[in-house]
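Have a look at the structure, then follow along.

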Amino acid sequence: MSDSAKDLHSEYMVINMGPSHPVTHGTVKFLLTLEGETIIDMKVDIGYLHRGFEKMCENGTWEQVMPYTDRLNYVSPLINNVGYALAVEKLIGIDVPERCKYIRVIASELARISDHYTNIAASGLELGAFTAFLYFVEARELLWDLIEMLCGARVTANYVRIGGLKNDLPDGFKAKTREVFKTCRELWADVDHLLTKNRIFIDRVRNVGIMPPEDAIAWGFTGPCLRACGIPYDVRKFHPYLVYDQMDFEVPVGEKGDNFDRYLVRMEEINQSMRIVEQALENIPSGPVNVNMPEYRWQSKDDIGNRIESLIFHFKTVTEGIKPPPGEIYSAVEGANGELGFYLVSDGSGKPYKCRVRPPCFPLTAAMPKMVKGGFIADIVPTFDMINMIGGECDR
Amino acid sequence: MVADLIESVVKILFIFSVNIGFFSPILGWVERKQSALMQDRVGANRADVFGFTLIGLFHPIADAIKVLTKEDFIPEGADRLFHTIAPFISLTPAIIAFAVIPFGGQYELFGHRVNLIIADLDVGILFIFAFASLASFGAVLGGWASNNNWSFLGGLRASAQMLSYEVVMGLNIIGVIMVYGTLSLSEIGAMQVNLFNWGIFLQPIGFVLFFTCAIAENKRAPFDVAEAESELVAGYFTEYSGMKFVMFWMGEFLEIVTISGLVTTMFFGAWHLPFVSDQMLVDFFGFAGPNGASILAILVNIATFFAKVIFFIWLQMTIRWTLPRFRYDQVMRLGWKMFLPIALINIFITGLVLLAK
Amino acid sequence: MEANVTINKLNTRFSESIVETHSYRGDDTAIVRKEDLLEICTFLRDDKELLYNFMMDLTAVDYLGREPRFEVVYHLYSLAFNRRFRIKTRVSESDCCVDSIVPIWVSANWFEREAYDLYGIIFKGHPELRRILLYEGFQGHPLRKDYPINKRQPQIGPTN
């Protein structure tokens with residue numbers, strides 16, 4: 001600063017980008033210390049959407065937790081369902097039938113695509129590109145039609161069960177998916193034309209919110225934000241679960257770790273997820289979708305009507321909950337934001353002793369000050385959008 | 001004398017009714033419907049009168065009723081005087097600037113020479129810039145007087161942006177002035193009978209720069225940093241409601257019309273159809289008698305002028321709904337480091353070409 | 001055995017600090033004494049054959065009725081060797097504090113604040129230990145087993 005500027009009596013302005021602000025979706029509070037428009041310091045306050053997920057889980061049975069998991073990352077609820085079911089199945093030590101695994105993969109990928117659509121649309125909206133927002137929202141609507149066909153609800157799906165699924169794939173699902181994906185690919189191309197080479201958009205997101213790879217690892221980044229830094233860590237490739245090891249897909253990796261790379265990684269992941277869904281629909285085997293163990297998974301009504309064992313266990317698991325053996329496990333799936341981990345502790349009763357969710361966007365939000373210090377207020381907008389902080393997941 | 005007075009009153013009433021009565025509400029409708037068309041959705045179509053929705057054209061009336069019946073509050077701790085007059089300061093220059101924009105040529109009507117421009121000043125362009133500068137006060141005062149840090153930031157951004165782009169706009173226009181040799185808009189318009197005399201061919205760079213700078217001056221997307229919804233809630237007019245809020249918006253819409261009018265006059269042949277001069281039109285309509293011919297020629301010219309204006313309004317709306325918004329420092333860098341040198345180069349090249357002729 | 005590389009190395013190097021190890025369902029776990037936690041974590045991060053550079057998760061479990069009552073659980077991941085590890089340390093209610101591992105992995109900052117907020121475990125040496133998910137005036141630590149699920153809090157709001 002020049003000498004004359006030092007003589008000016010100036011103070012930093014402290015401004016509250018409060019929980020109720022168009023950009024802080026997911027309700028976060030940023031306490032900014034500004035010099036003009038440059039950010040000197042930033043404090044992040046979360047917890048406005050804390051609903052006591054863990055305490056509520058300890059109060060119900062293992063299956064009653066499933067609807068709560070929908071509401072964690074509420075833009076990709078099926079992934080949360082799948083993650084929790086896989087964790088409990090690991091705790092019990094059972095494996096679900098092949099068909100169930102394929103359908104779970106399809107459900108996860110549809111949820112992942114819809115999450116990426118929402119994220120890129122919201123980023124476009126907050127940067128002023130309203131039209132890109134509405135194109136992707138239309139694509140998301142079509143995907144939600146598919147999910148509604150699958151399980152009856154668009155958002156809070158509650159589709160996966162411990163030991164299986166709520167129902168099998170409906171008739172005509174494959175044909176409808178093909179139709180929907182054709183329109184979605186056209187809309188993807190439209191948004192690509194609108195944003196990816198748009199000089200104004202690139203100026204807003206390039207070299208903004210940079211996170212070097214070593215710092216990203218130290219801060220606990222996972223998911224698209226870590227892959228944008230150049231580190232190809234994807235739980236689906238490094239710890240394959242369900243049938244991901246039989247699927248042919250690539251994991252896009254960025255270079256610099258700025259917002260533009262995060263955007264590009266997400267756009268490409270949409271395409272890869274569509275590939276996975278199409279492969280899964282091609283190769284899905286026939287068979288049952290629920291594991292044949294009445295003590296952990298309710299059987300069909302016929303079976304309950306005819307087998308006394310199923311009837312007894314149905315009664316017991318409804319009233320007391322399923323009873324995994326005592327122990328603790330940690331199981332991770334690749335959520336849309338990163339590694340979604342479940343740490344479950346069982347004491348042998350029907351209620352979870354501890355049901356912990358490792359939220360992928362918790363460390364991402366913690367690193368916000370590091371990414372925007374020294375930048376402008378206008379840089380908070382793309383950075384906060386691109387880390388895709390979902391309030392339900394971060395605060396639980 | 002009396003004829004002059006009647007002529008002025010008729011012209012003022014016409015421009016007022018076209019601007020405030022027609023363009024202002026219609027632009028609200030156009031914004032909704034055009035954006036809806038571009039975004040593959042329907043747009044606002046609920047306001048109806050006895051069951052007729054008329055593709056949403058009743059919405060401006062509904063908006064007007066809503067706005068007039070809203071509570072008009074001044075936030076606690078705000079400066080009451082400035083908070084109240086800021087919207088007026090923002091709106092007035094936008095309306096007054098239309099006083100010097102010609103929407104037709106000169107005709108003989110009932111033995112009286114009618115000039116279709118409210119105030120035929122010799123320094124028309126200068127007048128417009130003078131009033132555009134005044135408009136920046138409205139934004140700044142609105143931001144300052146609201147006792148709100150976010151409005152304050154919006155007002156700061158607005159002041160810097162508008163001042164910078166006024167400078168650049170002025171330099172852009174110098175090319176036009178050099179080519180046509182006059183500051184008076186009606187003369188510039190009169191010189192553009194021949195299609196190849198249109199400003200767009202004589203000053204292509206000037207057109208692109210002027211159009212962009214004018215959008216920046218008007219604080220419309222992609223330059224709407226002062227009002228950036230996602231960062232500053234609503235920027236300098238966060239704390240406004242009711243009629244005062246609408247006055248800011250009307251100022252913006254009317255400035256869209258003014259910009260379109262200016263661009264048409266300076267670069268796109270003003271009120272002329274290509275190669276058709278006023279006299280040719282009057283001769284063409286000779287079958288209706290001298291007064292009838294004048295009236296018909298006036299109507300044709302006004303229609304041409306407003307058709308061109310509507311085209312530029314459409315263009316500005318399309319740009320708004322396509323592009324994301326700039327960051328504040330990028331806006332300033334664009335104005336000072338890119339447009340200013342290009343404008344200077346434009347002046348230099350124009351000078352060389354004129355000397356060579 | 002390859003799968004227990006970490007446990008073997010810990011047993012050879014820190015045999016007095018290890019209380020218990022197991023590999024239930026394939027998850028390698030070690031329970032260590034809380035006094036040696038910082039040293040062991042630094043070793044886990046820096047040793048050339050372990051390189052646990054990710055601190056994935058940090059949480060606590062309340063075993064009410066058992067002494068020591070709490071267990072602080074850390075989940076680590078090594079990107080280079082694609083290995084997960086869980087390290088736990090037991091904390092009693094009377095001496096409810098443990099060293100903060102923020103100097104080793106920066107990501108622990110918010111996770112430790114959350115554990116303090118919900119369980120009341122103090123992390124010594126944490127740069128800014130205050131509540132994160134709940135508001136400052138909240139009374140109690142809700143994830144403890146003796147906090148009833150329907151407990152009411154006193155009303156908060158502006159004092160005028």
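**Where chains A and C touch**

Tutor: Welcome! This is a predicted model, and in it 30 residues of chain A are in contact with 26 residues of chain C.

Student: What makes two residues count as in contact?

Tutor: Their C-beta atoms, placed from the backbone, lie within 7 Å. On the side of chain A that touches chain C, several elements supply at least two residues each, including α2 (53–59), α9 (213–219) and β6 (327–334). By class, that side has 13 nonpolar, 8 polar and 9 charged residues.

Student: Now the helices. Why are α5(A) and α17(A) called roughly antiparallel?

Tutor: Helix α5 (residues 98–127) and helix α17 (residues 377–386), both of chain A, pack at an angle of about 170°. Angles over 145 degrees count as roughly antiparallel, and therefore that is the label for α5(A) and α17(A). Their axes are 9 Å apart.

Student: Which residues of α5(A) and α17(A) meet?

Tutor: From α5(A) come A:A122, A:S123, A:E126 and A:L127, and from α17(A) come A:V381, A:P382, A:D385 and A:M386. They divide into 5 nonpolar, 1 polar and 2 charged.

Student: Which residues touch the most other members of the largest nonpolar core?

Tutor: Those are A:F136 and C:L76, in a core of 251 residues. The largest share of this core, 15 residues, comes from α5(A).

Student: What does C:L76 contact, leaving aside its neighbours within four places in sequence?

Tutor: C:L76 is in contact with C:L44, C:Y52, C:F54, C:M55, C:M56, C:F85 and C:I87.

Conventions. Residues are numbered from 1 along each chain as its sequence is written. Chains are lettered from A and ligands numbered from 1 in the order in which they are written. This is a predicted model: local features need pLDDT of at least 70, side-chain atom pairs count only at pLDDT 80 or more; totals for chains, interfaces and linings use all residues. Axes are lines fitted to C-alpha atoms, for helices over the stretch in contact, and angles run from 0 to 180 degrees between N-to-C directions. Helices (H or I, at least four residues) and strands (E, at least two) are DSSP runs, numbered from the N terminus. Angles under 35 degrees count as roughly parallel, over 145 as roughly antiparallel, 65 to 115 as roughly perpendicular and the rest as oblique. Ala, Val, Leu, Ile, Met, Phe, Trp, Tyr, Cys and Pro count as nonpolar, Asp, Glu, Lys and Arg as charged, and the others, Gly among them, as polar. A nonpolar core is a set of buried Ala, Val, Leu, Ile, Met, Phe, Trp, Tyr and Cys residues joined through C-beta atoms within 7 Å. A residue is buried if 20 or more other C-beta atoms lie within 10 Å of its own, exposed if 12 or fewer, and partly exposed in between; C-beta atoms are placed from the backbone.
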